[in-house]
Amino acid sequence: RFQDKMNLGGMQPSIVLLREGTDSSQGKPQLISNINACAVVCDIIRTTLGPRGMDKLIHHGGKVTISNDGATIMKTLDITHPAASCLVDIAKSQDSEVGDGTTSVVILACEFLRECKPFIEEGVHPQIIVKAFRKASSLALEKLRDWAISIEGKDPAERKDLLQKCAATALNSKLICHQKDFFAPMIVEAVMSLDEDMSLDLIGMKKVPGGACEDSFLVQGVAFKKTFSYAGFEQQPKHFVNPKIVCLNVELELKSEKENAEIRISDPDEYQSIVDAEWNIIYDKLDRITKCGAQIVLSRLAIGDLATQYFADRGVFCAGRVADDDMKRVVKACGGSVQTSVNGLTDDILGKCDVFEERQVGAERFNIFSGCPESKTVTIVLRGGAEQFIEEAERSIHDSICIVRRAMQHSQIVPGAGAVEMELSKFLRGYSRTIYGKQQLLINAYAKALEVIPRQISDNAGFDSTDILNRLRRGHAPGPAGPW
């Protein structure tokens, strides 16, 4: 009876759906909070944009990283805010798909959110904003396709010159911008040397500390650092013409048993036969390798001092503990396949190349395979002073390689340095005047957001961005000379 009276009195038990301590913020305040969090992340990297952008020094896990690459900075920062972490995903996606422009996409995304903020505060529904932005985006993409300059069908010299300009543009904002005239032709030559699929795995980059940037060079083939070697290595020949190459995943050294082993013998003379059996097994393997006609022996596993001396006596070059990625590139470039046994080594599983040599580069020695017949591959050997400098140079060249590869695959380019953003902004402002309602204001906000790229580039260079943008708007006004 008491329970019935309580229920009639309107006292209902509370329903708990979420775990205690869960933050269930929603509505307008949470949207504004998300936009503010993204703006904070954007403010960190916006000063790295453009040829006068500044590098960031990030200390994490006892390691120092110097970079102005948007994706590298975003990945290095330990961002925990769920909305701001979406910007990290945007930068990663741009880096994997295009290779460059990671800072630009983060700045653009944040500027779109910044322009949305006043409308959300005034109560405009997010779906209306999204619809208008999608419309503006499709119009912008349509115009971009009309304005794109095709490099297909141009004569090879002009095409190569345009690709070098694309490579130099990608290097403009990097640490090695002063060496762009040196690296741009090298990058274009590297990408043009690849097969039709243009796999980035076939472009290797090796870093050698010391020397100047201009000491870097391009190898038309595979190059990797000399592996750990035993006594007898220096007696091996270091230069071959048209050699046969065998790639193994076999250990060629005498080793003690990994597990505790026990052998019981009744006659002391039997002990010698057990020792001889071990030697006979290793000598049998070495005999089979030399009989197949290979002059270069590469193995992922160790090649011991006995095998090294054995190959040296027979004029064969060997390298053990070859890195997995280097072995894959040798197999792709020279042909053949990696063998897990020395039985049945026939000519069809052996690789070939025109020239093999060991060359001294700084304090390191490199094994270089050139004239590889199966697949075109190249290796860029980078020189430089500090370790952080070489690492940033590698990231910069990787971005530039991706841009040249993208240009060759799609054969269309548009002007950079904020020119295309200003032209799109002018076009969308003009379009917004032809419609009415909230869509007009929202598309105009989208157009204004596009101007953040030239504004930020001029700010980073120390110019008055207001003055620069006014001059750019006047320059992009319709005229007989065209938009560019």
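**Helix 12 and its end**

I began with helix 12 (residues 387-410) in this predicted model, where 24 residues at 1.5 Å a residue should span 34 Å, and I found the end C-alpha atoms 35 Å apart, which agrees. I then looked at what comes next in the chain and noted that helix 12 is followed by Ser411, whose phi is positive, near 60°.

I turned to the open sheet of three strands, whose order I read as 4-15-5, with mixed pairing. Strand 4 (203-209) and strand 5 (217-219) stand at the edges with a single partner strand each, so I noted that one side of each is left without a neighbour in the sheet. From one strand to the next, the twist averages 20°.

I followed the pairing of strand 4 with strand 15 (residues 378-384), and found that the two run in the parallel sense over seven bridges; within this pair, Pro209 stands opposite Gly384 in strand 15. I also looked up which helices rest on these strands. Helix 11 lies across strand 4 and strand 15, and runs at about 135° to strand 4. Helix 12 packs on the sheet as well, touching strand 4 and strand 15, and its direction makes about 160° with that of strand 4.

I went through its pairings in turn:

- Strand 8 pairs with strand 12 in the antiparallel sense over two bridges, and Lys244 stands opposite Lys352 in strand 12.
- Strand 8 runs parallel to strand 9 (residues 296-299), to which four bridges join it, and the bridge partner of Leu248 in strand 9 is Ser299.
- Strand 8 runs parallel to strand 11 too, here joined by two bridges, and Leu248 stands opposite Gln339 in strand 11.

I kept in mind that strands of a sheet pair through backbone hydrogen bonds, either parallel or antiparallel.

**Salt bridges**

How many salt bridges does the count come to? I recorded 17 salt bridges, and looked at several of them one by one.

The side chains of Lys244 and Asp347 meet in a salt bridge, at 3.3 Å from N to O. Lys244 lies in strand 8 (residues 244-248) and Asp347 in the loop between strand 11 (338-339) and strand 12 (351-352), so this pair ties together parts that are 103 residues apart in sequence. I checked the exposure of both partners: Lys244 is partly exposed, with a relative accessible area of 26%, and Asp347 is also partly exposed, at 44%.

Arg359 forms a salt bridge with Glu357, with the closest N and O atoms 3.1 Å apart. I found Arg359 partly exposed at 32% relative accessibility, and Glu357 partly exposed with a relative accessible area of 23%.

Note on methods: Residues numbered from 1 in each chain as written. Predicted model: local features only at pLDDT ≥ 70, side-chain atom pairs only at ≥ 80, totals over all residues. Heavy atoms only, no water. Salt bridge = Lys/Arg side-chain N within 4 Å of Asp/Glu carboxyl O. Buried < 20%, exposed > 50% of the residue type's maximum accessible area, 1.4 Å probe, protein only. Expected span 1.5 Å × (residues − 1). Pairing = 2+ DSSP bridges. Axes fitted to C-alpha atoms, helices over the stretch in contact; angles between N-to-C directions. Contact = heavy atoms within 4.5 Å.
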